[in-house]
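Me: Please take a close look at one part of this model, the place where the two chains meet. Keep it brisk.

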Amino acid sequence: MFQISNLASGYGQSQILHELNLDVAKKEIVAVMGRNGMGKTTLFKSLMGILPQWGGQIRVDGKDVSKLETHQRVESGIAYVPQGRMIFSHMTVLENIQTGLPASAGGKVPDDLYALFPVLHDMRHRKGGNLSGGQQQQLAIARALATNPKVLLLDEPTEGIQPSIIKDIARSLKEIRNMRDLTIVVSEQVLSFTMEIADRFLVIEKGKFVVEETRDKVDEASISRYLSV
Amino acid sequence: MEWLSEFGAIAAMQGFNGLSVFCVLLLMALGLAIIFGQMGVINMAHGEFLTIGAYTTFVVSSLTSSYAPAFGPYYFFLAIILSFFIAGAIGWLVEWAMISKLYQRPLDTLLATWGLSLVMQQGFRSIFGAREVSATLPDWLMGSWNPTEAIDIPRNGLFVMGLTLLLTALLFLMIYRSRWGLQVRATMQNRVMARSVGINTKRVDRMTFALGCGVAGVAGAAFTTIGSTGPTAGSLYIVDTFLVVVFGGASSLLGTIASAFSIAQAQSLLEFFTSGSMAKVFTLSAVVLILMLRPQGLFSAKVRK
């Protein structure tokens, strides 16, 4: 469904990602774990075409998107929730969600989005920047879902969010996956969060995947060794 | 009681005078509010787009009077529409050829657009000559309206006012109610993120710049009712225009309106009591003082940092 083969990328002269390979099935949730500076965000940015891709291929549902620009990749079915959420803080919650909607939607937010995040419906006329961190995270996810994606990329969604909201987010991610047959790739440092949602675990270190485990075989202790400093 | 009614008449005319300065300032500033306020591009050639509108009107006017005199009373509306599209199309080209290469380099944009403004001025000079020209105004724009015997309100002022109101309302609708406006605002807040939700930011930039230039063109058409047009007509206004936009708070259209209103009223009141240049000095010092206290301008949105 979502295939990455021999992906290489970096900044300027320095290569960060080395020949990454990943094949994610439909409705699968894959967690990419790793410490700061190991290439998680670089991976996501190059998947979105925000960073230039040096080599390799990215396929969504068989379609090669490697040569496409960011907004065309979104059209092809990749949605992105960046680290730090990056909502449009001067726009209302409703407008934030509308930015993701395709032209055919006529600006109408689908009901199932509000059903997933009722708080966004209550606050739809507030400025996005005046929401709490957890609410902003939900808004960023809703905005990404508005593009009607096949693959959802989440970069450290639990960063700076209180534990009770983290549980909520985990629950809604699983719900979305079932509701929309969505493929999800999530990067994290918090193991408890990914243990709750992921079907497969990858550890990234210095731009390479060094561990790959499925949910039934995963050893929490061995992964957490890679996460501790 | 004779002096009281005279005073009232002067107050009314002076008030109207302030209002028409306000409309002129606002008309000029609207295009820039989009380009500088929303896109953050310092376009020193903005005044020249105004001149394009003015020359377009002049050309339409002379063509009408030599080929279709019967069309005379109505040519002005055609001129406004043509000014919009011609200035807009040239803006589109300029964005494509120049501005789009310079988004990461604001200082270079300043220099490049300044150079462009010189090139355009010389272009006008070569095509239309250095002498000022004026369009033949239709009769219904001439003369004045007298509600009482002592009050004298010029019709062209009223026309400019109507046009300003219409244009402002249209722009408000476009920016705050349309899908295009939503995309513009998203792009201006965070370009990378806007792309990541599927917005084609290059197209948005080009459209926005073209629209801002088109609006400047309409302002230029409106100016032909007030003054004559020369190659440097537009550049005279560029400083005032930036002043209005910066004072209003760069990203707020409402701020632009409030700022144009306060600067214009202050200017025209002070002009009545002192002299023209003193009025300018007072207004500028007030603006500088207020900007020192509120560097973000009059209006700025409040959100969490």
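Reply: Two residues are in contact if their C-beta atoms, placed from the backbone, lie within 7 Å. This is a predicted model, where local features need pLDDT of at least 70, side-chain atom pairs count only at pLDDT 80 or more, and totals for chains, interfaces and linings use all residues. Residues are numbered from 1 along each chain as its sequence is written, while chains are lettered from A and ligands numbered from 1 in the order in which they are written.

The contact takes 24 residues from chain A and 17 residues from chain B. On the chain B side, helix H6 (179-189) and helix H7 (191-196) each supply at least two residues. Helices (H or I, at least four residues) and strands (E, at least two) are DSSP runs, numbered from the N terminus. H6(B) gives the largest share of that side, five residues. By type, the side of chain B that touches chain A has eight nonpolar, five polar and four charged residues. Here Ala, Val, Leu, Ile, Met, Phe, Trp, Tyr, Cys and Pro count as nonpolar, Asp, Glu, Lys and Arg as charged, and the others, Gly among them, as polar.

Chain A holds nine helices and 10 strands. Its C-alpha atoms fill a box of roughly 45 × 40 × 30 Å along the principal axes. Of the 229 residues in chain A, 44% are buried (20 or more other C-beta atoms within 10 Å of the residue's own, all C-beta atoms being placed from the backbone). Among contacts in chain A with a separation of 6 or more, 69% join residues 24 or more positions apart.

Key. Buried ≥ 20, exposed ≤ 12 C-beta atoms within 10 Å, placed from the backbone.
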